[in-house]
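Please read the following note with the sequence and the model side by side. Each point may be checked against the structure in turn.

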Amino acid sequence: MRMEQKISVLRDSRAQYLVTRYLVPGDVVLLRGGDVIPADMDWMEGDTLSMDTSSLTGESVPRKYPSEQHGRRIYSGFTVLS
């Protein structure tokens, strides 16, 4: 039995937890520490995020998003550290 990830989403002006396979373009994903990014997305607003990007980059040092160096695009598989 496989556990499916749920994530907090703002859809139709309502916050709800959805299984990630039900995400659609236009959903606003509300990120918290420990969340695994379910799809490539752009950071819109809020606190600067510290991200574990090692699943894609192999780097052991967390990256900050958004930043001039890394931009606003956050990729699937990254993990929010804080």
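The points below treat the sheet, the core, the aromatic rings and some details of the backbone.

1. Basis of the note. This is a predicted model, in which local features need pLDDT of at least 70, side-chain atom pairs count only at pLDDT 80 or more, and totals for chains, interfaces and linings use all residues. Residues are numbered from 1 along each chain as its sequence is written, and side-chain values use heavy atoms, with hydrogens and water left out.

2. The three-stranded sheet. Strands are DSSP runs of E with at least two residues, numbered from the N terminus. Three of them form an open sheet in the order β2-β1-β3, with antiparallel pairing; two strands pair if DSSP finds at least two bridges between them. The edges are β2 (14-19) and β3 (28-30), each of which pairs on one side only. On average, neighbouring strands of this sheet are turned by 40° against each other, direction ignored; the axes behind such angles are lines fitted to C-alpha atoms, and angles run from 0 to 180 degrees between N-to-C directions.

3. The pairing of β1 with β3. Strand β1 (residues 6-11) runs antiparallel to β3 and is joined to it by three bridges. Within this pairing, valine 9 stands opposite valine 29 in β3.

4. The nonpolar core. A nonpolar core is a set of buried Ala, Val, Leu, Ile, Met, Phe, Trp, Tyr and Cys residues joined through side-chain atoms within 4.5 Å. Buried means under 20% relative accessible area, exposed over 50%, and partly exposed in between, with a 1.4 Å probe and protein chains only. The largest core has 13 residues, of which Ile37, Leu49, Met51, Ile74 and Phe78 touch the most other members. Strands β1 and β5 (49-52) are the elements that give two or more residues to this core.

5. Methionine 51. Which residues does methionine 51 touch, not counting residues up to four places away in sequence? With contact defined as heavy atoms within 4.5 Å, the residues are Ile37, Pro62, Arg63, Tyr65, Ile74, Phe78, Thr79, Val80 and Leu81.

6. The aromatic rings. Rings of Phe, Tyr and Trp (its six-membered ring) pair if their centres lie within 6.5 Å; planes under 30 degrees apart count as stacked, over 60 as edge-to-face and the rest as tilted. A search of the whole structure finds two such pairs. Tyrosine 65 and phenylalanine 78 form a tilted pair, at 6.0 Å centre to centre and 45° between the planes. This pair links distant parts of the chain, 13 residues apart: tyrosine 65 is in strand β6 (residues 63-65), and phenylalanine 78 is in the loop between β7 (73-74) and β8 (79-80). Tyrosine 75 and phenylalanine 78 form an edge-to-face pair, at 5.9 Å and 75°.

7. Is tyrosine 75 buried or partly exposed? Tyrosine 75 counts as partly exposed because its relative accessibility is 34%. Phenylalanine 78 counts as buried because its value is 0%, and tyrosine 65 is buried as well.

8. Backbone details. The peptide bond from tyrosine 65 to proline 66 is cis, with omega near -10°; proline 66 lies in the loop between β6 and β7. Aspartate 12, in the loop between β1 and β2, has a positive phi near 55° although it is a residue other than glycine. Serine 13, in the loop between β1 and β2, also has a positive phi, of about 60°, and is not a glycine. Aspartate 12 counts as exposed because its relative accessibility is 72%, and serine 13 is exposed with a relative accessible area of 75%.

Key. Helix = DSSP H or I, 4+ residues; strand = E, 2+ residues; numbered from the N terminus.
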